[in-house]
Amino acid sequence: MSHRSPSLLRRVFPAFALTTVGVGMVHSLDRPAVVGAQGALAPLVDPTATTVVAPVTNAPAATSAPVTNAPVGTSAPAATNAPAATSAPAATSAPAATSAPVTNAPAAPAANDCGALTGNGSPVTITWRRDYGVVQVAAKFKSDGTLCKATAQYQTYDSRSERYESYAIPILNKQAANAGSANIQGVSGATAVSDAYTQSLQSAIDNKK
């Protein structure tokens with residue numbers, strides 16, 4: 001079998017075809033595709049190329065999923081202002097303490113008002129086995145009725161009676177003033193005089209005015 005070497009045209013043609021195809025593809029990329037009636041790209045034909053380039057159908061653009069806007073969050077209801085705190089009623093001031101009525105105590109009798117009241121006793125006969133005379137007491141009192149002083153007048157029938165009465169009467173006057181009443185001790189040895197004096201003193205107390 002004989003081997004023939006390929007002709008020059010046969011060796012050049014493939015390279016030429018590839019070059020032509022490459023140039024056509026570059027042009028198609030540089031020019032906007034022609035859209036057909038149905039929206040498909042019309043086949044691009046390079047007038048200088050003998051190879052028909054298959055139409056490139058652009059894939060439909062990816063449809064972006066509809067974005068559903070989430071409902072705007074409903075704002076929480078405005079905070080209701082709490083009712084202003086009602087101020088407590090003003091404290092009612094306690095009524096002023098009413099001072100207790102002051103009752104003026106009766107004034108204490110003056111120390112020197114002895115004699116504001118007086119009383120004269122009845123004359124009483126001094127008797128013990130016999131009569132020795134007569135005694136009569138005059139008394140002075142303070143304004144509150146307290147006995148403060150007593151004096152006595154006496155009448156004697158003899159010197160012995162004078163001796164007893166002059167001795168006993170001053171002592172009995174002091175006892176009456178100190179006791180403030182007719183409750184006196186009397187004088188020992190002058191019982192008759194003491195008894196008559198006490199009776200007259202009680203009469204003066206009963207008659208004070």
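**Close-up views of a predicted model**

**View 1. Gly145 and its surroundings.** Leaving out residues up to four places away in sequence, Gly145 touches Leu117 and Lys208 (contact means heavy atoms within 4.5 Å). This is a predicted model, where local features need pLDDT of at least 70 and side-chain atom pairs count only at pLDDT 80 or more, while totals for chains, interfaces and linings use all residues. Residues are numbered from 1 along each chain as its sequence is written, and side-chain values use heavy atoms, with hydrogens and water left out. Look for Gly145 in the loop between β3 and β4 (strands are DSSP runs of E, at least two residues, and helices runs of H or I, at least four, numbered from the N terminus). Gly145 counts as partly exposed because its relative accessibility is 24% (buried is under 20%, exposed over 50%, partly exposed in between, with a 1.4 Å probe and protein chains only).

**View 2. Lys208 and Phe141.** Here the charged end of Lys208 sits over the ring of Phe141, 5.6 Å from the ring centre (NZ of Lys or CZ of Arg must be within 6 Å of the centre and within 35 degrees of the ring normal).

**View 3. The largest nonpolar core.** This core has 25 residues, and Tyr197 and Leu201 have the most contacts inside it (a core is a set of buried Ala, Val, Leu, Ile, Met, Phe, Trp, Tyr and Cys residues joined through side-chain atoms within 4.5 Å). Two or more residues come from each of β2 (124-127), β3 (131-141), β4 (147-156), α2 (159-179) and α3 (191-206). The largest share, 7 residues, belongs to α3.

**View 4. Around Leu201.** Setting aside neighbours within four places in sequence, Leu201 is in contact with residues including Val137, Ala139, Leu147 and Ala176.
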